[in-house]
Amino acid sequence: MTTIAGIVLFVSLAVFLAFGIPIAISIILSSLLTLILIFPFDVTILTAAQRMITGIDNFTMLAIPLFVLAGILMNNGGIAFRLINFAKVLVGRLPGSLAHTNIVGNMLFGSISGSSVAAAAAMGRIMTPMETTQGYKKSYSAAANIASAPSGLLIPPSSLLIVYSLVSGGTSIAALFIAGYIPGILWGLGCMVVAYFLAKKHGYSVSEKVSWKDKLFLTLDAIPSLLLIIIVIGGIVAGIFTATEGAAVAVLYAFILSL
């Protein structure tokens with residue numbers, strides 16, 4: 001029976017995925033089908049309901065959707081534009097400056113939202129039309145965005161590090177967050193090095209020179225958004241609140257700032 005249940009589980013999952021059913025629903029359906037082979041129907045439904053509830057009843061894991069929500073609020077609240085303008089101040093005079101701006105923007109947005117997907121969506125939506133207008137190849141623009149977005153998985157707050165803390169038996173999230181900065185920054189710098197040489201090869205231009213007055217204005221405009229990093233990470237590392245409470249603070253702060 002165990003062998004048959006295993007075969008039914010994997011075969012049914014493959015069939016559901018082949019028909020284009022979403023992954024989460026495919027897993028649920030294949031699991032229910034397998035349970036029905038082993039247990040009576042009423043026991044199957046009760047067991048499935050209990051496992052679903054206990055699976056999401058985790059205080060630490062709640063931090064992940066909260067950080068994603070904070071990223072969505074920032075994306076729709078215009079914070080991504082502030083971070084992009086600040087990134088232009090930092091790397092606007094490098095060859096292929098828009099690609100470098102995209103990379104730095106991914107690092108900044110990922111470090112605030114904790115989600116590489118949210119960072120890639122926010123930066124791609126804004127930067128791709130700008131790069132296309134300036135004559136950048138779409139493949140180059142897409143590669144710069146896709147390759148640099150995962151830096152947000154390393155630069156805290158990172159949902160990946162929160163999951164690792166759970167599966168490793170309770171590794172300190174604060175320690176993981178501190179350890180994530182160097183590899184995350186190195187990832188972004190590595191992308192910038194590649195983007196630099198490709199920009200020189202294809203002759204991509206630098207952005208227009210920005211006056212010191214405008215640099216100061218754009219920097220001051222981005223400070224409220226950047227403060228979120230200090231508030232959340234500083235609070236977690238100092239032990240003022242947990243990662244989940246820090247995520248809730250990030251949602252509240254992003255909501256107020258977006259308004």
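**Exercise 1. Work out what the secondary structure of the chain comes to.**

Start with the assignment rule: helices (H or I, at least four residues) and strands (E, at least two) are DSSP runs, numbered from the N terminus. With that rule, this predicted model comes to 12 helices and zero strands. Next, read along the sequence: the pattern is α-α-α-α-α-α-α-α-α-α-α-α.

A word on conventions: residues are numbered from 1 along each chain as its sequence is written, and side-chain values use heavy atoms, with hydrogens and water left out. Local features need pLDDT of at least 70 and side-chain atom pairs count only at pLDDT 80 or more, while totals for chains, interfaces and linings use all residues.

**Exercise 2. Describe the extent of the chain and its contacts.**

First, take the C-alpha trace, which spans about 75 × 45 × 30 Å along its principal axes. Then turn to contacts (heavy atoms within 4.5 Å). Among those with a separation of 6 or more, 75% join residues 24 or more positions apart.

**Exercise 3. Find how much of the chain is buried, then classify P65.**

Set the cut-offs first: buried is under 20% relative accessible area, exposed is over 50%, and partly exposed lies in between (1.4 Å probe, protein chains only). Of the 259 residues, 41% count as buried. Now place P65 in helix α4, residues 63-76. Its relative accessibility is 45%, so P65 counts as partly exposed.
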